[in-house]
Amino acid sequence: MAAPRLTAPLAGSLDDPARARDLTRMKRLATGLFLLAAVVFLGCVLLGEEAGAWVGYVRATAEASMVGALADWFAVTALFRHPLRLPIPHTAIIPRKKDQIGESLGTFVQENFLTRTVVAEKLATIDVPGRLGTFLSAPGRAERLGGDAATALTGLTQLLKDDDVQPAVAALVERKLHETPAAPPLARVLELVVDGDRHQEVLSAAMRLMARFLDENRLVFRAQLGDASPAWVPDWVDDRVFDRAFAGVHRFLAEVAADPRHELRRAYDARLRAYVHALRTDPATAARVEEFKHEVLAHPAVRDWSGSLWTTVKDAVLAAAADPTSPLRARVTALILDGARLLRTDPTVRELVQRHSGQVAGYVAERFSGDLADLVSSTVARWDTDETSRRIELQVGRDLQWIRVNGTVVGGLAGLVIYTVAQLLG
């Protein structure tokens, strides 16, 4: 036995009290005309032909009006229910054919509205980039969109569990670092340093730091010399030797730091350039760098860093996104405003957006037209049958009642014409 199909109530917005009153008023009008024709017909029957020849004309008109009114009442009523609740064949059409109507409506929408051609023709008449640019450039709109983006980002990160994402991010970072050769980027970095003479600045800083280190640890070095010197050497000799050596080292460091053409600097430059060349051409040098890279990546501190990378980045981005005064929010707002300006003023951007909007909309219509048609048909299929019939009658019933009114009037005129012709021919 098939499971009963669930039905869904229709939206309450269709239940318009004003429409209900108009429908009731039109029903009363149509029924009133029928009753008027019936009263006139009954009066003519009671008067009989003795009252005059005109009675026949009026009776024929009233009789035809009654027939027209009853026929059109039957036709209109048969759309929504069984007339007089009698199961007459081919009546209650909407309740019986509700599902088929839904399928036909979905197919009609799909074939006549959701097509690439129709969508493209419609968009061709619309200034898509201009409207989009005006929308984005409205006062306060960029700031609100930035806030909405921050809210959406927060909601997205809340859906993602840190316990699931963090290991994946750590594994991805480690895999990329392991897969990326270290020698080429290191060679490029050193090459940029050498070409900009940054390595000489580093050497100068190192000389100054070394001189400061020696000054701060002078007593330590003097004590080391005293311990290493033979016991029979007098202290004043050790002092003189130490002072001369210490001063010589200081002079050397000062000379290297002050002379940009010092021999040590040229040797240092040549060695560094040779190392850059070796990183690019010597497999053994590249292998040593790669081995060192793997040792660094295997260090517990680096593993802890890669494991916490997701949390760190996420917290930083969320904090910046939540702060209306943060540079991130300011940058997003500026990008939106720049985009709005380009959409309104830049011919290239406008042409590109206009063309691609038609292509995208056409693709979406073509790709999802079947789904939208199925949505229409399945939604109609879930509607309650009696409720659907009542709502449709509420929407179009007032116009349908005019059919009854017209049927009464036209039927009466037709009856009058037929009776008149018959009298003329008789």
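Modeller: Welcome! Let's start with contact, which means heavy atoms within 4.5 Å. This is a predicted model, where local features need pLDDT of at least 70, side-chain atom pairs count only at pLDDT 80 or more, and totals for chains, interfaces and linings use all residues. Residues are numbered from 1 along each chain as its sequence is written, and side-chain values use heavy atoms, with hydrogens and water left out.

Biologist: Which residues of H9 and H12 meet?

Modeller: Helices are DSSP runs (H or I, at least four residues), numbered from the N terminus. Here His199, Gln200, Leu203 and Ser204 of H9 meet Arg265, Tyr268, Asp269 and Leu272 of H12.

Biologist: At roughly what angle do the axes of H9 and H12 cross?

Modeller: Axes are lines fitted to C-alpha atoms, for helices over the stretch in contact, and angles run from 0 to 180 degrees between N-to-C directions. Those of H9 (residues 198-216) and H12 (residues 263-281) cross at roughly 130° and come within 11 Å.

Biologist: And what is a salt bridge?

Modeller: A side-chain nitrogen of Lys or Arg within 4 Å of a carboxyl oxygen of Asp or Glu. The whole structure has 16 salt bridges. In one of them, Arg350 meets Asp127 at 3.1 Å, N to O. Arg350 lies in helix H17 and Asp127 in the loop between H4 and H5, so the pair ties together parts 223 residues apart in sequence.

Notes
Helices (H or I, at least four residues) and strands (E, at least two) are DSSP runs, numbered from the N terminus.
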